[in-house]
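Trainee: Hi! Could you walk me through this one while I have it open?
Mentor: Happy to, just ask away.

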Amino acid sequence: MVQDGNPPDDNVFRAFCNALYNTVDAPVTWFRETVVEPNQKKYPWYHQNYRRVPTIDQCYDDDVVCDFEANAQFKRDRAVDSEILSILRQRYEDCMMYEQPDHATKCRSLWDKYKSAEEAWFIKYGDLGAYGDARKAYMKQKHRMVWERRNGPLSDLTK
Amino acid sequence: MVSWSALGRSFGINLVKNSLKSPNKIQNVTFTTAKTLKGSHGERTMALQPSRWQWHKFKDMLHFYMMVGLIPAGALIFYCNVFIGPAQLTPIPEGYTPKYWEYHRHPITRFIARYIHNNPQQDYEKFMHFLDEEQQRIKLRALEKEIIKKMAERQDYQAYYYKPMVNKYLRMNKKTGDELYNRIGDDYKD
């Protein structure tokens, strides 16, 4: 809600809604702040940093180990790119929720960024099927480039 | 309407005759088929209804065995969440490689990753070694097939006609053949 510092909030309806919410929230918050938080230990966890390994285009075609590692890296990269796309989409959706009904104009830049990111994601990872791996993505790129050489560019992102 | 079977008919008729919605007292205990509430200080009623003992026993056992599992598990989960708590996400310090269980947040997940599961990097590298070994076998077999195909094609290598043999079995067969010849002779029809 709006951050009101000094003037007390004398809106009866808001006070009533807050009271209803607090019938459940206040005991839970009290329990967490007095019992749970003081007793919890503080210790770290980390996000794993994976080393970069040769990609599929740098592997010999009969090198199974290189293929396996390139594929694992491809799957990790796809997961990371999917998350990035998700974050961009969330940003646009939050803006849209806040700015309804003029979201079309107010959130335009976020929408454009999301759309170009989505197009880039689809160019790289889209339409590979359920068993899509690094090799299929590489072949997709090759076919796209051949098609573009014959028929001209597909989009702004591939010029 | 209730349909009476032949066997229960007399019983059913007796029930109707005794009109059990009005209480029927025998030795100061009221028998009734009406639904009774289990109040303590009403009239002492005995409900003439089919036994619900199996249902009650089932519920008892269900609750008991569920609690045998839920209470220790609940206590463990409560302890882990309140007295140990989940970890804080921190950037990796310089020059330190975290252990493989330190990549998980919840203490129970960390416990499982540390004491039950294998190191994922170890599994990854073992699998890659296995893949490499199988790949070498594939290459060897493909090479052998190729060589035999070429020998068959060009007919220029003696080894194509060479059948490997083990003399031990030849000796055994010869001994058997000699014994048969000594017994039977060479009188046989072709």
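Predicted model: local features only at pLDDT ≥ 70, side-chain atom pairs only at ≥ 80, totals over all residues.

Trainee: In what sense do β1(B) and β2(B) pair, parallel or antiparallel?
Mentor: Antiparallel, over 3 bridges, with β2 of chain B covering residues 29-32. In one of the bridges, N24(B) has F31(B) in β2(B) as its partner.

Trainee: Switching to helices: at what angle do α1 of chain A and α2 of chain B pack?
Mentor: The angle is about 80 degrees, and the axes are 5 Å apart. An angle of 65 to 115 degrees counts as roughly perpendicular, so that is how α1(A) and α2(B) lie to each other.

Trainee: Which residues meet there?
Mentor: From α1(A) you have F31(A), V35(A), V36(A) and N39(A), and they meet F78(B), N81(B), V82(B) and F83(B) from α2(B). By class, this contact has 6 nonpolar residues, 2 polar and no charged ones.

Trainee: What about α4 in chain A, how far does it reach?
Mentor: Helix α4(A), residues 108-125, has 18 residues and reaches 25 Å from its first C-alpha to its last. That is close to the 26 Å expected at 1.5 Å a residue. Just after α4(A), D127(A) has a positive phi of about 60 degrees.

Trainee: How do α4(A) and α5(A) cross?
Mentor: Their axes cross at roughly 105 degrees and come within 8 Å, α5 being residues 134-151 of chain A. The two helices are therefore roughly perpendicular to each other. In α4(A), F122(A), I123(A), K124(A) and Y125(A) meet A137(A), K140(A) and R144(A) in α5(A). The residues of that contact are 4 nonpolar, no polar and 3 charged.

Trainee: Last one: into which domains is chain A divided?
Mentor: Domain 1 is 12-45 and domain 2 is 56-158. Taken over C-alpha atoms, the centres of these two domains of chain A are 41 Å apart.

Terms used. Residues numbered from 1 in each chain as written. Chains lettered and ligands numbered in written order. Heavy atoms only, no water. Axes fitted to C-alpha atoms, helices over the stretch in contact; angles between N-to-C directions. Helix = DSSP H or I, 4+ residues; strand = E, 2+ residues; numbered from the N terminus. Parallel < 35°, antiparallel > 145°, perpendicular 65-115°, else oblique. Contact = heavy atoms within 4.5 Å. Nonpolar A, V, L, I, M, F, W, Y, C, P; charged D, E, K, R; others polar. Expected span 1.5 Å × (residues − 1). Domains from an automatic or database assignment. Pairing = 2+ DSSP bridges.
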